[in-house]
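We will go stop by stop.

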Amino acid sequence: MRSEAIAVCAEAPDTGSALHNAYSRLVWNAADHALCLLDPAGRVVAWNPGAEHLTGYPAAEVVGRAFTYGDEPEDAALALAAARQAGRYETEGWWPRRDGSRFRAHTVIAAIRDGDRLAGFAQIIRDATPQRAEGGQFEAVALILDLALSTMSQGLCLFDADGKARLLNQRFFAMFAAAGRDLVGVPVEALWALAFVGPQAEVREGAALLAGHEAALGRGETVVVPTSDGRAIALVRRGVPGGAFVVTFEDVTRQREAELEISRLAHHDVLTGLANRAMLWRRLRESIADGALSAGTALLFLDLDGFKAVNDELGHQAGDALLQQVAERLRRAMPEAGLAARFGGDEFALLLPGTAGEMAVSLAEGLLIELARPYPIEGHRPCLVTASIGIAFADPGTTPDAMLHRADCALYAAKGAGKAAWRSFTPELETERSDEGRLEQDLRRALAAGQLGVAYQPIIGLAHGAVTAREALLRWTHPERGPISPRRFIPLAEKSDLIRRLGLWVLDRACRDAAAWPDPARICVNVSVRQLGDGSLPRAVQEILAQTGLAPRRLELEITETVLSNTANGIVDDLQLLHAMGVRISLDDFGVGSSSLGRLRAYPFDRIKLDASFVRDAVERPDCRAIVGVVAELGRRLGIETVAEGVETPAQLAVVHEEGFTEGQGYLFGRAVMASPAARAAGG
């Protein structure tokens with residue numbers, strides 16, 4: 001009860017009314033008690049000397065003020081309502097004194113009526129501290145604890161040696177919505193039921209809960225218990241001399257939620273919500289039995305084909321939206337026992353533990369179809385990507401490290417097999433991967449070791465039969481393996497980004513050789529799409545032309561058709577800069593990639609080179625000859641020269657000439673040779 005709400009009057013009221021007569025009798029018959037009188041509205045109208053002595057508050061400070069019982073105004077309303085209804089309300093609790101101390105008070109509130117009319121309330125307050133059965137030691141401890149912990153954020157309950165509640169601070173009442181309830185003397189099992197099951201719970205439910213916590217609490221451990229409304233409460237029990245004990249109750253819901261969120265972020269990808277690499281590794285470790293994975297466990301590595309083009313063309317926001325849709329499709333496809341994880345970028349992993357691994361192949365085949373469906377992106381046209389998937393199966397003795405390595409080898413093989421493909425791990429794949437790794441390292445050393453060279457293959461003008469251009473082709477003679485096919489080492493260079501160094505070396509060497517040729521033939525140099533987009537190629541070309549003295553119009557850069565699937569502004573800008581310098585641009589291997597006439601118009605192409613596969617079959621297959629004719633007509637309509645690759649026979653030459661191609665290239669006119677054209681011309 002607060003100081004402003006302690007009740008009653010220093011002077012005896014006038015006699016005459018039933019209210020005053022009742023008060024007078026109480027005053028005279030209870031000289032050692034604090035007495036106060038309240039009007040029907042709950043305001044203090046009388047306060048006797050015993051009340052002044054017990055509380056330290058003079059009548060002048062309290063008369064006329066509203067009565068409050070407990071630490072909340074509504075507690076007084078409840079107490080008065082109970083007295084009004086039953087005629088009498090009795091309780092025991094801690095009361096404040098004016099000097100800030102507290103005393104244990106036994107309080108009785110009696111309703112006083114004048115017939116059917118409520119005249120007011122009489123309140124008797126008695127200091128119960130000396131009369132406690134446990135004696136002064138327990139009450140002293142209780143008082144010290146109440147004073148020290150009344151402002152704590154934790155709820156606190158002091159129990160006697162019999163497990164009965166003797167002190168509960170206000171935080172406890174607030175935490176468990178127990179305001180107005182008299183819980184002094186209630187057994188610990190009943191408080192457990194109230195706190196963790198609900199206000200209507202039975203004592204036996206609390207006893208069952210307490211039994212599960214007893215051992216840990218007895219060891220002094222913190223026990224976190226969930227409540228029926230979803231909160232988490234941390235409990236700590238400490239002993240008090242004489243067999244009593246204190247339990248603190250702390251709401252750690254937010255802390256637990258934060259810990260769970262930190263744990264989730266540590267093991268899940270922020271963008272997609274899938275597990276991350278750390279979580280996948282953890283699950284692999286958890287799947288170990290006797291040091292190895294369960295036989296049949298499958299691990300799928302998945303990499304998106306064409307994702308970089310989406311990022312470059314539409315921006316990272318669109319790329320993120322696509323990755324989120326990929327993640328959702330993976331979730332829907334995964335069996336309940338499986339785990340889908342994002343490794344970063346556009347790389348994903350799927351773990352199928354134990355017998356779930358039997359689904360690996362069917363899952364991979366289904367995902368190739370599912371992931372190839374269009375992805376709607378707000379503000380853009382639907383995007384198309386495909387997936388390459390590598391599968392590894394655990395056999396007896398397979399470790400998590402070996403599993404990851406095998407899945408990676410299988411993915412590498414799937415990507416090498418082309419888009420939208422899956423491959424399962426075999427020991428042969430591991431051998432091939434290791435061999436490719438060694439070959440890549442050898443290639444990095446080949447340039448400095450002088451093992452690389454440039455061969456030139458002529459391109460013939462079909463109208464007159466003279467050499468109009470020569471294509472520069474990189475050649476590698478390995479000191480132990482001999483000549484290495486470009487079909488093998490060029491993809492290695494592309495994957496490792498070594499292609500940028502090799503590309504510039506070939507460009508410089510070819511321009512120097514061409515500058516010494518006795519004829520004005522063009523020099524055609526292949527350029528990887530990985531050399532474009534950052535402005536470095538136009539600067540390098542400008543420097544090389546200045547150093548070699550080669551006229552820009554004699555340099556022709558050949559870009560493969562894959563560039564049409566990547567319309568990032570940087571690539572187009574680089575090609576426009578090169579074209580503005582006078583350098584010619586040709587589209588190589590036309591017809592075998594993702595051709596788009598709409599995108600073709602966006603590039604400054606001077607020539608189209610038709611892939612050799614169409615030329616080779618044009619004599620026997622009418623459909624291939626039709627394509628030859630269509631490409632020739634396309635060149636005429638766009639004002640672009642056309643080159644037929646792979647011309648090996650007179651019959652093929654006749655077809656491309658009749659269809660209107662302007663130039664031809666192939667074994668019929670000459671193979672690529674390492675000797676410089678200048679040396680051959682001088683020799684005859």
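This is a predicted model: local features need pLDDT of at least 70, side-chain atom pairs count only at pLDDT 80 or more; totals for chains, interfaces and linings use all residues.

E221 counts as partly exposed, at 35% relative accessibility. R219 is exposed, with a relative accessible area of 56%.

Next, select residues 499-515. This is helix 17, and it holds both D508 and R512. Show those two side chains. They meet in a salt bridge, 2.9 Å from N to O. D508 is partly exposed at 21% relative accessibility. R512 is partly exposed too, with a relative accessible area of 41%.

Stay in helix 17 and pick R509 and D513, which are also four residues apart, or about one helical turn. Here the closest N and O atoms of the salt bridge are 3.5 Å apart. R509 counts as partly exposed, at 33% relative accessibility.

Now select E471, E558, K609 and E645 together. Salt bridges link these four in a network. Across the whole structure, a search finds 36 salt bridges.

Last stop: residues 400-416, which make up helix 14. Its 17 residues reach 25 Å from first C-alpha to last, close to the expected 24 Å. Which residues of helix 14 are buried? Colour P400, M403, R406, A407, C409, A410, L411, A413 and A414 to see them. Then step just past the helix to G418, where phi is positive, at about 115°.

Conventions: Residues are numbered from 1 along each chain as its sequence is written. Side-chain values use heavy atoms; hydrogens and water are left out. Helices (H or I, at least four residues) and strands (E, at least two) are DSSP runs, numbered from the N terminus. The expected span of a helix is 1.5 Å times one less than its number of residues. Buried means under 20% relative accessible area, exposed over 50%, partly exposed in between (1.4 Å probe, protein chains only). A salt bridge is a side-chain nitrogen of Lys or Arg within 4 Å of a carboxyl oxygen of Asp or Glu.
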